[in-house]
Amino acid sequence: MLALSSGPESGSYEAQCYDSDTAGGSPVGSVHQLLTWDRYQPSQWCSLHNSRSESLPPPGYHVDTDKGFSYSTADEAFVCQKKNHFQVTVHIGMAGDPRFVRTSGGLMPIESFHVNLFGVKFEAQNHFITIEQSQSDRSKKPFLPVRVNLPGDKITKVTLGRLHFSETTANNMRKKGKPNPDQRYFKMVVGLYATVKEERFLLVANVSERIIVRASNPGQFENDSDVLWQRGQNPESVVCHGRIGINTDSPDEALVVCGNAKIMGNVMHPSDRRAKQNIQEVDSTEQLKRIAQMRIVEYDYKPEFASRMGIDQHHETGIIAQEVRELLPSAVREMGDITCVNGEKIDHFLMVDKEQIFMENVGAVKQLCKLTDNLETRIQELEVWNTRLAKLKRLGSMRSSSGPSAKGLGSIFLTFHTAFISLSLADAFKSDTHFLNKHGHDLNLLAICCQYICVLFTQGLADCNTDLNFAEVLFTDYHFHFFRRCD
């Protein structure tokens with residue numbers, strides 16, 4: 001740590017203390033994710049000496065990349081687009097007043113200081129990569145070392161802008177949308193040199209972590225914040241080759257959203273017959289039974305679980321996965337373990353496929369429609385019989401009022417009316433083979449009883465003068481016809 005003071009020299013600024021970079025070091029409090037740096041070839045650093053030949057501590061040295069680099073989570077490396085320029089800022093803190101540099105030939109007087117930067121291949125660091133700098137006319141030329149003035153006990157800031165790598169890394173192509181396992185990388189070196197008779201001696205240098213340099217690719221986002229995203233073949237379309245998680249870092253499906261989602265349009269499902277096989281009709285009777293057994297309950301999510309899953313509305317109405325699994329196992333899936341914010345772990349967490357439950361409801365409604373149609377048919381038949389029965393009742397009332405025995409026929413007609421209803425309802429089931437086989441004998445007795453009542457009811461009501469005590473009933477097409485047999 002160097003204690004530095006302010007001074008009037010141009011290019012310096014006041015600071016109370018300054019630390020040199022270390023491996024993985026970055027400015028404390030930085031709001032951006034920056035390249036990390038390590039020392040580069042410290043065994044080759046040359047020491048500085050003052051005018052009395054006393055050894056001075058190495059300069060404080062800190063490097064930042066202000067522009068042009070973005071971190072790719074998929075590649076686990078920083079990415080730089082070749083066509084986009086980047087910028088490097090160097091802070092140099094010089095302690096004391098250096099006059100000499102120690103070389104293999106002894107102490108040599110320092111003529112000037114220069115900052116230089118270049119690239120090296122990660123796999124072969126003796127292979128250097130030229131860094132270019134854009135000119136005012138937009139042309140590019142190889143970067144030349146920049147001469148800097150380093151007053152003693154001051155911090156000097158040096159900014160190097162409009163920089164480009166002269167070439168790209170190898171094996172940048174994706175394989176099925178995923179990072180190439182043979183991806184190659186660069187590193188960048190930023191060093192401070194002392195110049196003696198046109199010969200430069202390394203004083204201090206930092207080397208960056210690995211970098212990917214890509215050419216301009218319209219199939220990717222320019223900032224390459226997520227290299228799994230690519231532009232699709234259709235206009236204004238974007239494609240992601242992988243799983244997407246929103247408010248979760250462990251998506252186990254194509255899209256996992258922890259929180260609420262708004263969909264203003266329709267959700268479409270594949271349903272083309274040509275894409276299906278083994279098509280079978282589902283028993284709607286069983287679907288109705290399953291739906292009838294499902295409980296609909298109100299419940300509250302535990303706060304620690306709701307916070308973990310991004311659920312805002314804790315109170316819900318729905319079903320219980322364990323109960324659904326007993327009735328419809330195919331609608332329930334295990335989704336692994338869930339850890340709540342308080343550390344509580346839910347093993348083998350269950351999720352419900354509500355789309356499948358919806359189809360169960362469709363089948364149950366179909367079965368209810370069948371039952372309703374049958375009831376409507378029976379009701380219509382009963383209404384027809386009721387109309388015919390009313391007509392017969394009116395006919396009996398007219399005849400009973402004209403005969404001498406009209407007073408005593410009320411109860412007889414009521415008995416006849418009841419027998420007629422029973423016979424009518426029984427005949428309504430004539431198409432039911434099972435019913436006829438079981439109750440055929442009863443129906444015959446009912447018909448005989450009805451004829452007997454009709455004989456009693458019509459006795460003495462005929463106009464013919466012969467055989468006044470004889471009446472006959474004819475049962476045809478669900479109608480009763482009364483007539484007198486006159487000889």
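**View 1. Strand β3 meets strand β9.** Strands β3 (residues 48-49) and β9 (residues 100-103) run antiparallel and are joined by 2 bridges. Strands here are DSSP runs of E with at least two residues, helices are runs of H or I with at least four, and both are numbered from the N terminus; two strands pair if DSSP finds at least two bridges between them. This is a predicted model, where local features need pLDDT of at least 70 and side-chain atom pairs count only at pLDDT 80 or more, while totals for chains, interfaces and linings use all residues. Residues are numbered from 1 along each chain as its sequence is written, and side-chain values use heavy atoms, with hydrogens and water left out. Look for His-49, whose bridge partner in β9 is Phe-100.

**View 2. The open sheet around β9.** The order is β4-β3-β9-β10, 4 strands with antiparallel pairing. At the edges sit β4 (55-56) and β10 (106-109), each pairing on one side only. Between β9 and β10 there are 4 bridges, and the two strands make a hairpin with 2 residues between them. Phe-100 shows up again here, with Pro-109 as its bridge partner in β10. In a regular strand, side chains alternate between the two faces of the sheet. For β9, Val-101 and Thr-103 are on the covered face, and Phe-100 and Arg-102 are on the uncovered one.

View 3. A nonpolar core is a set of buried Ala, Val, Leu, Ile, Met, Phe, Trp, Tyr and Cys residues joined through side-chain atoms within 4.5 Å; buried means under 20% relative accessible area, exposed over 50%, and partly exposed in between (1.4 Å probe, protein chains only). Zoom in on Phe-113: leaving aside residues up to four places away in sequence, Phe-113 touches Leu-48, Met-94, Val-148, Leu-192 and Leu-203, among others (contact means heavy atoms within 4.5 Å).

**View 4. The largest pocket.** Its volume is about 2200 Å³, the space filled by probe spheres set on grid points that are joined across faces, edges and corners. A pocket is an open set of points, on a 1 Å grid over the protein atoms alone, where a 1.4 Å probe fits, with protein on both sides within 12 Å along at least five of seven lines; lining residues have an atom within 4 Å of a point. Of the 48 lining residues, Tyr-301, Phe-349, Leu-350, Met-351 and Val-352 lie nearest the centre.

**View 5. The second largest pocket.** This one holds about 430 Å³. The lining includes Gln-280, Ser-284, Met-359, Lys-366 and Lys-370. Helix α1 (284-293) and α4 (354-402) are the elements giving two or more residues to this lining, and α4 gives the most, with 6.

**View 6. Two loop residues with positive phi.** Most residues other than glycine have a negative phi. Gln-41, which isn't a glycine, has a positive phi of about 45 degrees, and lies in the loop between β2 (37-39) and β3. Gln-41 is partly exposed, at 32% relative accessible area. Glu-76, not a glycine either, has a positive phi of about 55 degrees. Glu-76 lies in the loop between β6 (70-72) and β7 and counts as exposed, at 51% relative accessibility.
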